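Okay, thanks for having me.

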Amino acid sequence: MKSLVISDAISAENLTKKYGDNEVLKGVDLKIEEGEFYALMGPNGSGKTTLASIIASVRSPTSGKIEIYGKKPEKAKELIGYIPQDNFSSPILTGKENLMYFAGLLGYSRDKAERIVNELLNKIGLSKDANKRVSDYSGGMRKRLEVATALFPGTKILILDEPTTGLDPSARRKFLGLIKEAKEEKTTILLITHIGADAELASRVGLIDEGKIIADDEPERLKETSGLKNVINIETTIKSEKVANVLGDFSDDQKVLETDVGYRIYCKDVEKATPRIVRSLDAIGCKATKVEVEKPSLEDVFFKLTERMVREVS
Amino acid sequence: MTATLGKTIKEFLRQKTILFWTIAWPILWVLIGSFSFTGSVPEEVAAYVKGSITISMSVFALMTAGIANLPGNIAQDRERGLLSKLMSMPINPWRDFAGRILALLAFSSLAAILVALVGYICGARFSYTLAGLWQSIGFLLLISFASAGIGMLIGTFIKHVHGAIMSGVGIAVVTAAISGVMAPYSSLPSLLQQFATVYPISSGNSSITYLLVGKDYAGYDPLSTSQTTLTIIASLLFFVAGLLAYSRFCWRKD
């Protein structure tokens with residue numbers, strides 16, 4: 001008889017973390033199953049990095065329970081591959097030297113380390129650049145190299161903290177391809193991000209705000225349950241409070257999300273609203289350079305739930 | 001441990017500022033000292049004065065390696081998130097520590113040997129017994145341990161790389177200048193002479209000078225039982241304090 005046991009790779013119950021009087025995590029409950037790709041999305045300061053570092057055994061919780069395959073995190077370090085937000089590889093060593101250093105730390109013999117490192121370099125597409133110094137790598141190459149430090153045999157959980165921040169679109173695509181490969185190999189993945197498009201790749205997304213997970217579901221389900229139907233994405237020549245107020249009149253609940261180049265508004269009847277929006281903007285001397293109707297993103301869902309943006313606009 | 005040793009050595013050898021302060025700077029002073037300060041001195045004496053300068057600059061190389069390079073390396077690893085990464089891995093902090101210290105000793109030895117070689121080429125001569133040579137190696141080790149201890153304290157408490165390096169260089173240069181490493185012990189005011197006997201790097205330097213060049217060049221008897229005991233205890237105290245600070249605060253979960 002086949003036994004169907006789904007074990008929790010990561011389990012957190014009522015987890016809190018305080019720094020002095022500042023409570024960064026306020027009772028987080030989280031369960032991530034083995035092989036699951038879970039994205040934790042939230043703005044800066046929401047507690048997502050703190051949560052990741054507690055799971056990775058870099059920080060201790062103030063209270064609550066955290067288990068990795070039923071063990072305390074410090075007893076399960078060999079199962080975890082943690083990639084912190086910063087670029088931790090040594091820029092004055094070559095890519096291969098960096099990986100050999102980590103192989104050495106993990107106790108591999110020289111020959112075995114050499115073999116595994118060559119395999120890893122091949123896997124991350126850096127074989128040709130293995131002997132270049134990391135200072136000569138692009139941001140994307142460096143991030144892939146750093147992910148490779150977490151892909152040594154035995155890693156069952158990959159924790160990635162904001163891995164695509166600062167990467168150009170091509171490097172980001174390549175990097176996410178690497179994560180998809182890890183997913184196909186049944187590695188449990190916890191992706192910490194503030195980028196909705198990255199979180200969409202996950203099988204489940206948790207939205208975290210002010211130290212609490214406020215929603216947790218499949219990406220599509222999160223969008224459905226948010227009640228958002230359509231989003232009008234408007235690029236404008238001017239961004240000001242006045243423009244936002246005008247647009248607010250067309251948005252459900254007056255909610256307007258500011259973007260790098262304009263605004264996003266949430267509207268049920270987009271066909272009627274669109275020409276009126278353009279006219280209203282014209283009337284206050286603001287040109288709409290682009291108006292598009294889009295499906296809501298996870299960033300829209302977060303905004304709908306919290307009235308706060310996941311990321312700062314430039 | 002060998003992984004950290006290999007990484008740290010490579011990082012030391014590939015950074016120009018480290019090579020400058022630890023190797024080029026002391027060599028420069030050996031050259032300046034050998035040709036500028038010994039012109040009016042009889043040739044026989046000059047060879048030993050050059051020997052004394054060479055020892056001081058070799059000690060200065062050890063000081064810089066421990067007091068400036070080591071904290072720079074620790075601060076760099078912390079600043080770029082490597083220490084967080086290491087804390088998440090199944091590795092023993094003591095092995096990381098041992099790897100760093102061994103790398104420091106290897107790099108310091110290389111620097112000291114190069115400085116001594118340049119001094120010898122410039123005419124430095126020594127007068128020693130085999131036992132004195134072994135004792136000198138012991139004092140060199142004590143100087144390295146004391147420097148590493150001070151370096152670990154700086155690296156633990158000064159978070160930023162440049163701050164850690166500049167503090168280290170500053171402390172190394174100033175303490176070398178006021179404790180008789182860079183100037184003859186006899187030329188120091190009495191307060192600084194007292195400091196020179198308590199500061200283990202300076203008393204270690206005087207001990208080596210006494211053993212390899214002669215007591216006239218040391219300025220006092222650094223090999224008396226009480227002074228040697230003080231040098232050993234002070235060196236080990238710095239080392240243990242640095243070690244405790246590093247293991248407690250750099251690898252601590254907050």
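Helix 9 of chain B covers residues 200–212, helix 11 covers residues 225–250, and they pack at about 135° with axes 9 Å apart. Helices here are DSSP runs of H or I, at least four residues, strands are E runs of at least two, and numbering starts at the N terminus. The axes are lines fitted to C-alpha atoms, for helices over the stretch in contact, with angles from 0 to 180 degrees between N-to-C directions.

Before I go on: this is a predicted model, where local features need pLDDT of at least 70 and side-chain atom pairs pLDDT 80 or more, while totals for chains, interfaces and linings use all residues. Residues are numbered from 1 along each chain as its sequence is written, and chains are lettered from A and ligands numbered from 1 in the order they're written.

Who meets whom? On helix 9 of chain B, B:Pro200, B:Ser203, B:Gly204 and B:Ser207 meet residues of helix 11 of chain B, including B:Leu230, B:Ala234 and B:Phe238; contact means C-beta atoms, placed from the backbone, within 7 Å. That contact has four nonpolar, six polar and no charged residues. For the classes, Ala, Val, Leu, Ile, Met, Phe, Trp, Tyr, Cys and Pro are nonpolar, Asp, Glu, Lys and Arg charged, and the others, Gly among them, polar.

Next pair, also in chain B: helix 3 (residues 43–79) and helix 6 (residues 130–157) have axes that come within 8 Å and cross at roughly 30°. That makes helix 3 of chain B roughly parallel to helix 6 of chain B. Their contact has 15 nonpolar, five polar and no charged residues.

Now the contact between chains: 22 residues come from chain A and 19 from chain B. Helix 2 of chain A gives the largest share of chain A's side, four residues. By class, that side has ten nonpolar, seven polar and five charged residues.

Last one, A:Leu126, in the loop between helix 3 (110–123) and helix 4 (139–148) of chain A. Buried or exposed? A:Leu126 counts as buried because it has 20 C-beta neighbours inside 10 Å, and the cut-off for buried is 20 or more. A:Leu126 sits 31 residues from A:Gly95 in sequence, but their C-alpha atoms are 8.1 Å apart.

Notes: Contact = placed C-beta atoms within 7 Å. Buried ≥ 20, exposed ≤ 12 C-beta atoms within 10 Å, placed from the backbone. Parallel < 35°, antiparallel > 145°, perpendicular 65-115°, else oblique.
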